[in-house]
Amino acid sequence: MTIERTLSIVKPDAVAKNVIGKIYSRFESNGLKIVAAKMKHLSKAEAEGFYAVHKERPFFADLVNFMISGPVMIQVLEGEGAVAKNRELMGATNPKEAAAGTIRADFADSIDANAVHGSDSLENAATEIAYFFAADELCAC
Ligand code: RTP
Ligand code: MG
């Protein structure tokens, strides 16, 4: 397995619940290091651009409106197999189907308010990291 980087977002529902630290603790205790982070209230254009791959889907407008409903915490996670590891820690998109002990099972309320985002491939991770961070904002530690 190689060292990878992936993009993670703590979504507005989890920021509002004050569980950023609890979610960060899941990353850190499972071998993922936070190498960049910023809190941001996304504009509509930023959220639409980020989720552009879903723009034809029926849930797109709801997804964008949810993502701009409050601040989000955006971070780059680094570690062995970081893309898949983060997806495993997040659990299924619908928290009702998420395995026990996953972030979504423990902190998400619905398929819309589902606590976290994580890149779904190494290729998308690179695109998503570049969407929010300049190269010199990532810690080379
Ligand atoms: P994410 O991109 O946020 O990490 O979530 P994901 O990969 O698990 O799911 P994805 O298919 O990429 O969908 C993006 C977000 O859209 C909402 N969604 N709603 N109503 C629906 O059927 C539906 N399907 C997806 C979810 O909030 C999901 O996180
Ligand atoms: Mg996705």
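The following questions and answers concern a predicted model.

Visitor: Which residues does the UniProt annotation "binding site" cover?
Guide: The annotation comes from an unreviewed UniProt entry. The lining of the largest pocket includes the residues it covers.

Visitor: Is Lys11 buried or exposed?
Guide: Lys11 lies in the loop between strand S1 (3-10) and helix H1 (12-16). Its contacts beyond four places in sequence include Tyr51, Phe66, Arg104 and Asn114. A residue counts as buried under 20% relative accessible area. Because the relative accessible area of Lys11 is 4%, Lys11 is buried.

Visitor: Which residue has its backbone oxygen 3.2 Å from a polar atom of the side chain of Arg104?
Guide: Arg104 is placed in helix H6 (residues 103-107), and at 4% relative accessibility Arg104 counts as buried. Among the residues that Arg104 touches beyond four places in sequence are Lys11, Gly91, Thr93 and Asn114. The backbone oxygen at 3.2 Å from the Arg104 side chain belongs to Gly91.

Visitor: Which element supplies the largest share of the largest nonpolar core?
Guide: This core has 21 residues, and those with the most contacts inside it include Leu7, Met67 and Phe133. Among the elements that each supply at least two of its residues are S1, strand S2 (33-40), helix H4 (60-67) and strand S3 (72-80). The largest share, five residues, comes from H4.

Visitor: How many residues are in the other core that lies apart from it?
Guide: In soluble globular proteins, nonpolar side chains tend to be buried together. Here another core lies apart from the largest one, with Val10, Val19, Leu32 and Met73 among its members. The number of residues in this other core is 19.

How values were computed
Residues numbered from 1 in each chain as written. Chains lettered and ligands numbered in written order. Predicted model: local features only at pLDDT ≥ 70, side-chain atom pairs only at ≥ 80, totals over all residues. Heavy atoms only, no water. UniProt positions renumbered as here; feature names shortened; annotations may be inferred. 1 Å grid on protein atoms, 1.4 Å probe; cavity = no way out; pocket = protein on both sides within 12 Å on 5 of 7 lines; lining within 4 Å. Helix = DSSP H or I, 4+ residues; strand = E, 2+ residues; numbered from the N terminus. Buried < 20%, exposed > 50% of the residue type's maximum accessible area, 1.4 Å probe, protein only. Contact = heavy atoms within 4.5 Å. Polar contact = N/O pair within 3.5 Å; in protein donor to acceptor, adjacent residues only side chain to side chain. Core = buried A, V, L, I, M, F, W, Y, C linked by side-chain atoms within 4.5 Å.
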